Amino acid sequence: MFLPVMRQVFAQIADVGLKLFIQNGYDATTLDAIAAAAGISRRTFFYYFKSKEAVLMALQGDGFPQALRPTILEESPTTPPLQAVRNCVLKLVERYETKESVIVDRLLRSTEALRIRKQALFVEMEQALFEGMSELWPSNDRPEALRIAAMAGMGVLRLAMDRWREDHAKHPLAHYVSEGFDLLENQA
């Protein structure tokens, strides 16, 4: 019973934070305002989140970053690394197509500090993907090739998200991801 209550409080804080970010802007929203609107103390806020930025990041991509490693590990070790990355990203990419993820993405582009944090998230995702790939192919004698595949995959995702946003989601995000991987593979 305790775990569902914790998840509920976590979700409540994140939802309230997002509403306040939308209503007041990221910079104008304080930790204290989020805590008060969620009906919790400042101390309780810090039990669940390290910062207001952490609230925003918790809503980004509906768990996409956390799902990268386990999803790449589902791939067959006989699959070429870049194809495995493509498969992995395509399995997960719809997580970015939620209403919350679109709003969070817009907020992450609203300030220089958040744009930097968004870029850092892509580096973190690249690292998680690389670690999973290193586990999938432990005897790979060229780890830099796995790292390049992880970097390329996250680069394709970044550009696909930009194109998807610029096109006002004319097609599913997976369409832009597939186009990006096709372009990459045709250049190799």
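Where does Ala169 lie? I looked there first. Ala169 sits in the loop between H9 and H10. I kept in mind that this is a predicted model.

I read the backbone of Ala169. Its phi is near 55 degrees, a positive value in a residue other than glycine. Most residues other than glycine have a negative phi. I then checked accessibility. Ala169 has a relative accessible area of 40%. Buried means under 20% and exposed over 50%, so Ala169 counts as partly exposed.

His168 lies in the loop between H9 and helix H10, residues 173–187. Phi of His168 is near 55 degrees, again a positive value in a residue that is not glycine. His168 has a relative accessible area of 72% and is exposed.

**Entry: confidence**

The protein chain averages a pLDDT of 91. I noted that 98% of the residues score at least 70. Among the elements, helix H7 (residues 99–108) has the lowest mean pLDDT, 83. Helix H6 (residues 81–92) has the highest, 96. Where pLDDT is low, the predicted coordinates should not be read in detail.

**Entry: the whole chain**

I went through the secondary structure. I found 10 helices and 0 strands in the protein chain. The C-alpha trace spans about 55 × 40 × 25 Å along its principal axes. The chain has 188 residues, and 41% of them count as buried.

**Entry: H6 against H9**

How far apart are the axes of H6 and H9? I read 9 Å. The partner, helix H9, covers residues 143–166, and the two pack at an angle of about 35 degrees. H6 passes H9 in a right-handed crossing. I listed the residues that meet. From H6 they are Pro81, Leu82, Val85 and Val89. From H9 they are Leu146, Ala149, Ala152, Gly153, Met154 and Leu157. By class, this contact has 9 nonpolar residues, 1 polar and no charged.

**Entry: H4 against H8**

I turned to helix H4 (residues 52–59) and helix H8 (residues 112–136). Their axes come within 12 Å and cross at roughly 50 degrees. H4 and H8 are therefore oblique to each other. Their crossing is right-handed. In H4, I picked out Glu53, Leu56 and Met57, which meet Leu114, Arg117 and Leu121 in H8. This contact has 4 nonpolar, no polar and 2 charged residues.

**Entry: two loop residues**

Which residues is Ser76 in contact with, leaving aside its neighbours within four places in sequence? I found Leu136 and Trp137. Ser76 lies in the loop between helix H5 (64–72) and H6. The C-alpha atoms of Ser76 and Leu136 are separated by 8.0 Å, though the residues are 60 apart along the chain. Ser76 is partly exposed, with a relative accessible area of 32%.

Is Tyr96 buried or exposed? Its relative accessibility is 2%, so Tyr96 counts as buried. I located Tyr96 in the loop between H6 and H7.

Conventions:
Residues numbered from 1 in each chain as written. Predicted model: local features only at pLDDT ≥ 70, side-chain atom pairs only at ≥ 80, totals over all residues. Heavy atoms only, no water. Axes fitted to C-alpha atoms, helices over the stretch in contact; angles between N-to-C directions. Helix = DSSP H or I, 4+ residues; strand = E, 2+ residues; numbered from the N terminus. Parallel < 35°, antiparallel > 145°, perpendicular 65-115°, else oblique. Left-handed = near helix turned anticlockwise from the far one by under 90°. Contact = heavy atoms within 4.5 Å. Nonpolar A, V, L, I, M, F, W, Y, C, P; charged D, E, K, R; others polar. pLDDT = per-residue confidence, 0-100. Buried < 20%, exposed > 50% of the residue type's maximum accessible area, 1.4 Å probe, protein only.
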